[in-house]
Amino acid sequence: MAEQTLSIIKPDGVKKGLTGKIISIFEENGFEIKAIKKVWLTKKQAEGFYYIHKERPFFGSLVDFMTEGPIVPMVLFRENAILKNREIMGATNPKDAAEGTIRKLFAESIERNVVHGSDSLESARFEVAFFFNIFEIL
Ligand code: ADP
Ligand code: MG
């Protein structure tokens, strides 16, 4: 079934000039970009986006990282988008990521790992609505 997922190019990816390259990878993999923008989150906004991780030891550091510069959130659409996006992103830790995945190619560390991707239908719904309203998703 065709579905939407939320991808984010994180501050490290934007700073390294990887935005265009990563968008190309999505398009080459059959994703339609239904919405895209560039934003710089406040701490409060980043804490809200990652509320699910608030008890984790890396939460504070993750929020600092995600607010150190602009990010590029986008809504991706295709068959099986959530799983397919997770597949082409690669594992959270680039050391464990499969060859050819975005994180294997570009990530520095388990934290600075270039991209975010929704991990379930429920999180995709929350995350898409966090950044975009229905008039912005085309
Ligand atoms: P993913 O982004 O692959 O879904 P998680 O949801 O588990 O991974 O974690 C969210 C983000 O938090 C990761 O992408 C990464 O930036 C950061 N992170 C996860 N685990 C760690 C860790 N052990 N140390 C530092 N940062 C981490
Ligand atoms: Mg996650």
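Which residues surround ligand 1? The points below start there.

1. **Basis.** This is a predicted model: local features need pLDDT of at least 70, side-chain atom pairs count only at pLDDT 80 or more, and totals for chains, interfaces and linings use all residues. Residues are numbered from 1 along each chain as its sequence is written, chains are lettered from A and ligands numbered from 1 in the order written, and side-chain values use heavy atoms, with hydrogens and water left out.

2. **Ligand surroundings.** Ligand 1 is surrounded by Lys10, His53, Phe58, Leu62, Arg86, Thr92, Arg103, Ile110, Glu111 and Asn113. A residue qualifies if one of its heavy atoms lies within 4 Å of the ligand.

3. **Ligand polar pairs.** The side chain of Arg103 has an N or O atom 3.0 Å from a ligand 1 oxygen. A polar backbone atom of Glu111 is 2.8 Å from an oxygen of ligand 1. For Asn113, a polar side-chain atom lies 2.9 Å from a ligand 1 oxygen. On its own, ligand 1 has 530 Å² of accessible area, and the protein covers 80% of this. Areas come from the Shrake-Rupley method with a 1.4 Å probe; for residues, only the protein chains shown count as cover.

4. **Helix α5.** Helix α5 spans residues 81-89, and its buried residues are Ala81, Ile82, Asn85, Ile88 and Met89. Seen down the axis, they fall within an arc of 140°, so they line one face of α5. The arc is that of the directions from the helix axis to the C-beta atoms. Buried means under 20% relative accessible area, exposed over 50%, partly exposed in between (1.4 Å probe, protein chains only). Helices (H or I, at least four residues) and strands (E, at least two) are DSSP runs, numbered from the N terminus.

5. **Cover over α5.** What covers these buried residues includes strands β1 (2-9), β3 (72-79) and β4 (115-117). Helices α2 (19-28), α6 (102-106) and α7 (121-131) are also among the cover. Just after α5, Gly90 takes a positive phi of about 90°.

6. **Helix α4.** In α4 (residues 59-66), the buried residues are Phe59, Leu62, Val63, Phe65 and Met66. Their arc around the axis is only 160°, which puts them on the same side of α4. They pack against β1, α1 (11-15) and α3. Leu62 is also one of the residues around ligand 1.

7. **Thr67.** Thr67 sits in the loop between α4 and β3. Its relative accessible area is 11%, so Thr67 is buried. Its side chain makes a polar contact with the side chain of Lys43 (3.2 Å). Such a contact is a pair of N or O atoms within 3.5 Å; within protein, one must be able to donate a hydrogen and the other to accept it, and residues adjacent in sequence count only if both atoms are side-chain atoms. Leaving aside neighbours within four places in sequence, Thr67 is in contact (heavy atoms within 4.5 Å) with Trp40, Leu41, Thr42, Lys43 and Ala46.

8. **Aromatic pairs.** The structure holds seven aromatic pairs. Rings of Phe, Tyr and Trp (its six-membered ring) pair if their centres lie within 6.5 Å; planes under 30 degrees apart count as stacked, over 60 as edge-to-face and the rest as tilted. Phe49 and Tyr50 are edge-to-face, at 5.0 Å centre to centre and 85° between the planes. Phe49 and Phe131 are tilted, at 5.5 Å and 55°. This second pair links distant parts of the chain: Phe49 is in α3 (residues 43-49) and Phe131 in α7, 82 residues apart.

9. **Aromatic cluster.** Phe49, Tyr50, Tyr51, Phe126, Phe130 and Phe131 form one aromatic cluster. Phe49 counts as buried at 4% relative accessibility, Tyr50 at 6% and Phe131 at 7%.
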